[in-house]
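Visitor: Could you walk me through this one? I'd like to start with the sheet.

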Amino acid sequence: MQYFNFCSMQDLKRRAKACKETHAHLTQAQRLDLVARRDFSFNSFNQARKLRHADIEQHVEDKNGLAVCRYCGLHFDQKSERREHFKRHEQYEEAVGQLGFQPMDYRRREDRKAAAWKQTYQAESVENKAKAYIAIFNAWFHRSIESAINHGYWRKHPDFPSYVSMMLSDYEMPAEPLAYLTDLYGVRPGHIKAGESYWYP
Ligand SMILES: [Zn+2]
């Protein structure tokens, strides 16, 4: 089975747009066909679109009648919500491509946090306690990023070091690891409310 990913589709569309100048006599649909044949060895743009759908569908699993996407994490109804999934999947793929990483899913975040919480009191050195807090912040950071993707403001979301400095300004934790981390990351007050771990624009 052949697939056609998000970036390639963006590339195809960009090139078709550029053809406005060189192929002014063609309609947009004809320009898409031209580029699909010329640069991607497809029979038509429709073939590219079908493969793009297949690319997305390959991640979908049926779980007791409800579809789950292993890539973007959406649970949806196969019959009535395919379009919604398609849209969300595309947004997610674009964000992952630009961010350079995929947010940790719920299960992994919970596992990492559980292990890290233990370390916050079991670790013997300040450095290792601080590392445990960093692992917790990291799980929250991924949850915050995921929410930012879902709500369309991921481009503005702070990177991890900035996020940590925002968390440190109002987070209640023991003084020693707090001082250790403040040394490393600094603090940025006023960006994330006390008791919160989501960043909002
Ligand atoms: Zn998906």
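Visitor: How do β2 and β3 pair, and over how many bridges?

Guide: β2 and β3 run antiparallel, with two bridges between them. Strands count as paired if DSSP finds at least two bridges between them. Strands themselves are DSSP runs of E with at least two residues, helices are runs of H or I with at least four, and numbering goes from the N terminus. This is a predicted model: local features need pLDDT of at least 70, side-chain atom pairs count only at pLDDT 80 or more, and totals for chains, interfaces and linings use all residues. Residues are numbered from 1 along each chain as its sequence is written.

Visitor: Which residue in β3 is the bridge partner of V68?

Guide: H75 is the partner of V68 there.

Visitor: How many bridges join β1 to β2?

Guide: Four, and β2 there covers residues 66-69, antiparallel to β1. V60 stands opposite C69, and D62 has A67 as its bridge partner. These two strands form a hairpin too, with two residues between them, and N64 in that turn has a positive phi of about 50°.

Visitor: What's the strand order in the sheet, then?

Guide: β1-β2-β3, in an open sheet with antiparallel pairing. β1 (60-63) and β3 (75-76) are the edge strands, each pairing on one side only.

Visitor: Switching to helices. At what angle do α6 and α7 cross?

Guide: Roughly 110°, with the axes of α6 (residues 126-150) and α7 (residues 160-168) coming within 10 Å. That makes α6 roughly perpendicular to α7. The labels go like this: under 35 degrees is roughly parallel, over 145 roughly antiparallel, 65 to 115 roughly perpendicular, and the rest oblique. The axes are lines fitted to C-alpha atoms over the stretch in contact, and angles run from 0 to 180 degrees between N-to-C directions.

Visitor: Which residues make that contact?

Guide: F137, N138 and F141 from α6, plus F160, Y163, V164 and M167 from α7. Contact means C-beta atoms, placed from the backbone, within 7 Å. By class, the contact has six nonpolar residues, one polar and no charged ones. Nonpolar covers Ala, Val, Leu, Ile, Met, Phe, Trp, Tyr, Cys and Pro; Asp, Glu, Lys and Arg are charged; the others, Gly among them, are polar.

Visitor: What does the domain assignment give for the chain?

Guide: Domain 1 (1-58), domain 2 (59-101) and domain 3 (106-185). Those bounds come from an automatic or database domain assignment. The centres of domain 1 and domain 2, taken over C-alpha atoms, are 22 Å apart. Five residues from domain 1 and eight from domain 2 make up their contact.

Visitor: Last topic: how many helices and strands in the chain?

Guide: Eight helices and three strands. Its radius of gyration is 22 Å, well over the 17 Å that the globule rule gives for 201 residues, so the chain is more spread out than a compact globule. That radius is taken over C-alpha atoms, and the rule is 2.2 Å times the number of residues to the power 0.38. Along its principal axes, the C-alpha trace spans about 70 × 45 × 25 Å.

Conventions. Contact = placed C-beta atoms within 7 Å.
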